[in-house]
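Here is a short walk through one model. Keep the sequence and the 3D view side by side as you read.

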Amino acid sequence: MNFLARLTKENKAQLLKTHLKSVAQGCVEVSPEQFREVAYYAGLWHDLGKYREVWQKYLKGNPVTQFERCHSAHGAALAWSMSEGSAIAFIISGHHSGLPNQQKFITRDFEKYSEGWQIALENAEKEIPEFKPEKMPDINLPVLRREFAIRMIFSMLVDCDRLDAMNFGKDSKTPYKQGFRLLDIFNGFNSLNVSDLNSKRSELLERCLEYSTSSRGLFRLTAPTGLGKTHSSFSFAASHHNHHKMNGIIYVGPFKSVIGQNASVARSMFGEDNVLEHHSGFDPGDDEKFKDYKFDCERWDKPVICTTGVQFYESLFSNKPGQCRKLHQIANRVIIIDEAQTIPLDFSLPILDALETLIKDWGCTVVLMSATQPVFERLEMCDHAVDIVSKKWASELFLSLQRCTYKIDLSGWDYSEIEDKLTHSQNLLIFNTVNTAKFCFEAIQHRPNSHLLTTEKCPAERADIIAAIKQSLKDGEPVTLVSTQLIEAGVDIDFPAVFRQLAPLDSIIQSGGRCNREGRLTDATTTVFSLIDNKYPDADYAYRIQVTQKILENSDALNKDCLKSIKHYFLGIFNKLRSGGEDIQNLRKIYNFPEVNTRFKLINDNKIPLIVPYKEGKSLIEKYKDRGTLVEGRLKIEASKVDKGLSAKEWREIQIYQGLFRV
C-alpha cells in the first residue's frame, strides 16, 4: 500500500516517504555540520507511527483510540531501543506535545502509545531502504551543552515539519533556510552637530567598527548613557555579521518601550523589511500584515530581530513546540544584550550558560551592553569577554562625560516635603513601588503639567505620556514626571533635575542617565533620597539597597569612582547570589525539560493585566465585557484567547490597553 503523510479535503495526498525525506533534508540544511546526522534521523523518523495500517485508516476517517492516533512515540521508541538516553528520542517524542522528561520512556503509557513501532519500522524500510543506520548517531558534548543541542535540533524538526506541511501543494514554497544576507550600515552620527559629546560618540562608533573584524565570541560594550551605544552596537553587529557571513542580528532589550524605540533605529539602519519587532505591544497593521507578522514571529527568519528579554530567555528554556520553533534561527547570529544588568540574577547561571553555549557550538557572537556592566566573572562566567571599550577608556568616559552631579540625602523625607525640594521647573521623580509613586503624585499633582507613569498605565497611555513630556522638555515648559523604575533603562528622555528614591546602585545610575542626557547644562543634579517609610518590592531588592548604602558612604562613589562603585556593588550582590538558577541547571542535567519550562518564568508576581478605560480601551471593555470580569471599571479576561474565541490580532489589541494591577 501507499503510506500517506496527509490527505487534504480535496483528496490531494502527500506520500509519507516524501514528507519524511523532505523534513530530514530540511533539518540537515539548517543544522551545523556536527549535528547533521542527528538532525537527519530526527527528521526521517519523526512520523514513523504513520507507517501503521491503523493510522492510515484514521487518516481516511475511520475512528481509532487515542493510542492508535498517536504517531510521534514510535520513532522515539526506535531511537530509545537503539540507545537509551538517545537525543533523537527526546526530539521526536516532543515534536507535537513538548520535550518530555527522561522518565517518560520507561512508563507503561509510552509503551501503549508506541505499540506497533517494530511493524512500522518494517514498513518504513521497504519504502526507504536506508531508513536505519548501522550505528546510532548521538550528540557527543558535555551534559548541559548536549541538553541545549537537543533543544536546538528539536526546534529544527518542529520548523521543518510545519514548513513542509505548509508548502505541500503550493507553487511558491517557503525555503527551510534563507542563507547569508548582507546588511548595509551607515554612519548614524553624520547628521549630528559637532560637539565634545558627539566626538565621543563618533569615537565609540569607530572603536566598535574596529573590533567588528575580531573573531566571534563574547564582547562587552561598557559606556555611559547617552553615548549612542544603540547605534554603535548595531554598527558593530552588522559589520561583524558581514565579515563572518553570519545569519543576522538579534537585539534583546529589557522592556517593550525600549524595544520599540530601538527597533525604529534598526529600521532606519537596515530597512523596514529586514527588521522584525517581536513583542506583545507591536501592532503590524491590517489582517494580511498580521498574518505575515505572526508567521515571522513563529520563525524569526528575518535578518534583524528586536525582542524582549522575557521572550528571548524564556524561549531558550521552554519545552513547547510553538515557542521553541524559532530557536535554531538564533544560530550564527550576533546577539546584543542591551542593559545587561537586567539579566535576572536569580536565573543568571542558566542564561549565561546558554549564551556561552550559543558561542561555543552555534556560531554566535554575544555583546553584553550596559552603562552598569555586571561583574559576571564573580560567577565564574564570562571571564573571557573582550572589552570593546577598555576599562581605562571607560573610566575616562565616565569622568569626562559626567553630565550631572549626584547628591545624597538619606535623612528620610516625608511626602509633604518633596515639593519643597523641587527647585527646578522640570523634574523627574522615580520611586521603587507603584503605591509610593502614587502617594508622591497625590502630594504634587497640583503642579503645572504633572504626570504619573506606572505599569498600571496601559502601553498606549504610557507612550502618549512620554511623547507629551518630551515635547514639553523640548519647548522649555514646566513639567513634572513621577514614575516607577520603568523609566530608567533605555528610555530616551532628558530632564535637568532627577530625584531618585534610594534604590540598588545600578538603578540609581540608570536614573542619572535620564538627567542632562545631551550634556547641555552645567548645573544638572540627580538627588538620591530616602523616605521616612521606605517600602521595597521584596527582600532581594532590600538586600541590594543595603549593599548600595554601604557604597554610598563614600561621598565620591558616584561622582568620581563610578566604575569602581559598580564593580563593588555587583561583587556584593554575587556574594549572595552565586547560586542563581542552580536548581534549573540541575534539572537540565537530568533532561527534565517540562520542569525546567515550569520553573523558568521571569515574570512571576501577584499582578494581573486589566483593560483600562483609556481611549480605545473604553470601547474594548464594552466589546468584551461578557467575556471577562469588571474590576473597578477595568476588565479582567481570565481565559486564553483560544478559550474565549479571540483572534491573535484581537488579543494583541487588548494587550495595548492593559495595565498591571496587584491583587
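Start with two helices. Helix H2 (residues 36–45) packs against helix H9 (residues 143–167) at an angle of about 40°, and their axes lie 10 Å apart. H2 is therefore oblique to H9, because angles under 35 degrees would count as roughly parallel and 65 to 115 as roughly perpendicular. The crossing of H2 and H9 is right-handed. Bear in mind that this is a predicted model.

Which residues meet where H2 and H9 pack? H2 brings Val-38, Ala-39, Ala-42 and Gly-43, while H9 brings Ile-153, Met-156 and Leu-157. Six residues of this contact are nonpolar, one is polar and none is charged.

Now move to strand S15, residues 525–531. Seven of its seven residues are buried, so the strand is mostly covered. In a regular strand, side chains alternate between the two faces of the sheet. In S15, Thr-525, Thr-527, Phe-529 and Leu-531 point one way. Thr-526, Val-528 and Ser-530 point the other way. Both sets are buried.

S15 has strand partners. Strand S10 (residues 405–413) runs parallel to S15, joined by six bridges. Tyr-406 has Thr-526 of S15 as its bridge partner. Strand S14 (residues 497–501) also pairs with S15 in the parallel sense, over five bridges. Here Arg-500 is partnered with Val-528 of S15.

Finish at Trp-651, in helix H27 (residues 648–656). Is Trp-651 buried or exposed? Its relative accessible area is 18%. Buried means under 20%, so Trp-651 is buried. Lys-12 sits 639 residues from Trp-651 along the chain, and their C-alpha atoms are separated by 34 Å.

Notes
Residues numbered from 1 in each chain as written. Predicted model: local features only at pLDDT ≥ 70, side-chain atom pairs only at ≥ 80, totals over all residues. Heavy atoms only, no water. Helix = DSSP H or I, 4+ residues; strand = E, 2+ residues; numbered from the N terminus. Buried < 20%, exposed > 50% of the residue type's maximum accessible area, 1.4 Å probe, protein only. Axes fitted to C-alpha atoms, helices over the stretch in contact; angles between N-to-C directions. Parallel < 35°, antiparallel > 145°, perpendicular 65-115°, else oblique. Left-handed = near helix turned anticlockwise from the far one by under 90°. Contact = heavy atoms within 4.5 Å. Nonpolar A, V, L, I, M, F, W, Y, C, P; charged D, E, K, R; others polar. Pairing = 2+ DSSP bridges.
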